[in-house]
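The following note concerns the packing of helices in the structure shown below.

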Amino acid sequence: MATFLYQVGRLAFRRRWYVALVWAAVLAAVGLGALKASGASDEEFSMPGIESQKAFDLMEQRFPGASADGATARVVFVAPSGEKVTATENREAVEKAVADLGDGAQVASAVDPFRAKAVSKDGTTAYATVTYKVAANDLTDVSKDQLDRAIHTAQGSGLTVEAGGSAMDDGAGPGGAAEVIGVAIAAVVLLITFGSLAAAGLPLLTAVIGVGVSMATILTLSQALGLSTTTGTLAMMLGLAVGIDYALFVVSRYREERARGRVPREAAGLAVGTAGSAVVFAGLTVVIALAGLAVVGIPMLTKMGLAAAGAVVVGVLVALTLVPAFLGFWPNAVLRRRARRSGRIEDEGTRDNGGSRWARFVLRRPLPVLLLGVVGLGALAVPMTDLQLGMPGDEAKSTSTTERRAYDALAEGFGPGFNGPLTVVVDAKDAKDAKDAKDAKGGKGAEGAKDATGAKGATGPKGAADAVAKKIGGTEGVVSVSPARFNEAGDTAVFQVVPSTAPTDERTKDLVTTIRGERPGVESETGATFEVTGTTALNIDVSDKVQSALIPYLVVVVGLAIVLLLVVFRSLFVPLKAALGFLLSVLASLGVVVLVFQQGHGAGLLGVEQTGPIMSLMPIFLVGIIFGLAMDYEVFLVSRMREAYVHGEGPGQAITSGFRHSARVVVAAALIMIAVFAGFVGESDSMVKMIGFGLASAVLFDAFVVRMAIVPAVLALLGDRAWWLPKWLDRLLPKVDVEGEALGRRSESGPEAGLRSGPDAGSGSGSDVGSGSGAEPAGATGREVART
């Protein structure tokens, strides 16, 4: 592996113009494809295998032509204090507003609350439902403006008017500020780390090129592969983060090799051969984690994971080819200014720095450091035992939004369960007739039919639907059941059930479980069956499925990564320690997310106005993304220790050497990740805040506690045993030479020995380095090259 990548790095350095032109051509081709593509679709969220999805699919089948994905707006009217919305003036204002709401090309219907009996018992609150012919993302600005005007006009009459529903969603995610902030902080971190504008700018430039290629490819393939507008979100975030990190490690290793006296092309080859090997395997762990999202069984999540995995692969290819090519154009530009001016490149590989001093501190006190790290993260993980999963809705939004105020007004006027009604779909195609019902109950005549159907004399589908509605209506925790609506064939009915508790309340989940548990009895009596769906039931089902998929996902991803790390490190304990450390950091980060967003401790500091359940997909996102990044840090840091150990250093000295060479760039990489993720905490959306906070805290714990403290402490306690591998397993595993042992033998005869390996030992261009071409005489040392 190392030898092959060494040749790739040298070739990319020498043929830099070809490499740059190839990447430019690829970017232009996919960019043109993206411009000509018809655009990504707004894919509907689906999760095969859950009851809510089965019910939705049944409705799509039995109610053809119904716009299941049409946008809706629920406009709430609240009378002034002491008045009723049914008063003459208030009623006229409401009716005028409904007429205005229904006057639009994209409006399918606007229901008058007085005709639909959508008025609260105390007469203070009413609501009108506006249904559109198109999905929320397809609403025109004209339709949105009309909705706003109707609301403002009604407000002018003295009524309090708020609106919720999908039509109020502007479809805009984070406005890009998070990415801009992340890139700006990354630039500052890189500048401090390298002390050179070029060295700081190169990882940013190549990362942006990689993300450009990835995003343009996703847009080009969106129609053919059915990719949604949200598919590229994760790909952009991770593509930028790992793209910067991978280029950072190659550039850092190139500077080290130059400091040791290597000429530029040889330094580029060695950088790609050693750091590039770590990049390949780190990238593979990220790809495994992202592709493993398919285990969860959510099509949208699977596509997001595969698209992000593709972006990581592009980032790896860019680091292995485009980075050394750019180093060929400007071989000295990435060096420190002092080195460029003086012509002397100092070898920092043997000098003490913060990394080596910290490593020696841990080596002197491995057990206290280990215990402190494990106990600290364990304490932070304790709140995770209280984890409640759900999908926060309008109740989690800021009170400054009209959606939240509409939610509160409906909850106050109609009860907390009104905002999350359950939809029951009755499949009465095989409903029993009167004779069957009599036999089923063992009753006599019409009385038997009454017991079986719940309505005297009612038989067939209508009687079955009435029986289901009566049974559910009598369940404790149900406030009301709406009249059933049948399809044209008359074999399927739909009605709504309003719980007495809020959508995110645990008692609502218990109610759904109870209703579904009554199904076998109802089916045996009537021959009809039913499914429970709706937003509330869907969120409950999604949470349950995600929780059940989390363990298999962990087993698959962690298992494959352990095998990969066995190949990389030729050690039994290092991969196990890496996996256990990752689990500790993920549990701790979930713990602090629960602490803030569910229990409310410190929520005000982050601008979180409403606490509640944790987003259902949060554990999966956290595990998938952080596992990949954690293994990045593990591979980059420990591979340098392994390299030093293989080259003859003792176990303690190898730890110090690994930290001396890698700690600074690992810290820089982690700070960049934290900056990118923490930028999302400033967004107004609570779910975006939650994702940003969770990812930033997980990187913080994993990079600075697990990798920087627990890892060296464990390795110090294990000593030589840390690198032990059973002989039978050693024979089975392929040898990939990630630590560059073969490259070490290649250059044993001198720092520039690798230049004499072929007839084109120089750059092949015949020009000098000072011109920026990267060429040098075959026998020149690093210092002589710098002077040119």
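1. The crossing of H9 and H22 is right-handed (the near helix is turned clockwise from the far one by less than a right angle). The model is predicted: local features need pLDDT of at least 70, side-chain atom pairs count only at pLDDT 80 or more, and totals for chains, interfaces and linings use all residues. Residues are numbered from 1 along each chain as its sequence is written, and side-chain values use heavy atoms, with hydrogens and water left out.

2. Helix H9 spans residues 264-291 and helix H22 residues 618-646; their axes lie 8 Å apart at an angle of about 160 degrees. H9 and H22 are therefore roughly antiparallel (an angle over 145 degrees, taken from 0 to 180 degrees between N-to-C directions of lines fitted to C-alpha atoms over the stretch in contact). Helices are DSSP runs (H or I) of at least four residues, numbered from the N terminus.

3. On H9, the contact (heavy atoms within 4.5 Å) includes Ala275, Ala282 and Val286, and on H22 it includes Phe627, Met631 and Asp632. By class, this contact of H9 with H22 has 11 nonpolar, five polar and one charged residues (Ala, Val, Leu, Ile, Met, Phe, Trp, Tyr, Cys and Pro count as nonpolar, Asp, Glu, Lys and Arg as charged, and the others, Gly among them, as polar).

4. Helix H8 (residues 231-259) and helix H23 (residues 651-678) cross at roughly 160 degrees, their axes coming within 10 Å. H8 is therefore roughly antiparallel to H23, and their crossing is right-handed.

5. Among the residues in contact are Asp245, Phe249 and Glu256 of H8 and His661, Ile672 and Phe677 of H23. The contact of H8 with H23 comprises 14 nonpolar, two polar and two charged residues.

Terms used: Helices (H or I, at least four residues) and strands (E, at least two) are DSSP runs, numbered from the N terminus. Angles under 35 degrees count as roughly parallel, over 145 as roughly antiparallel, 65 to 115 as roughly perpendicular and the rest as oblique.
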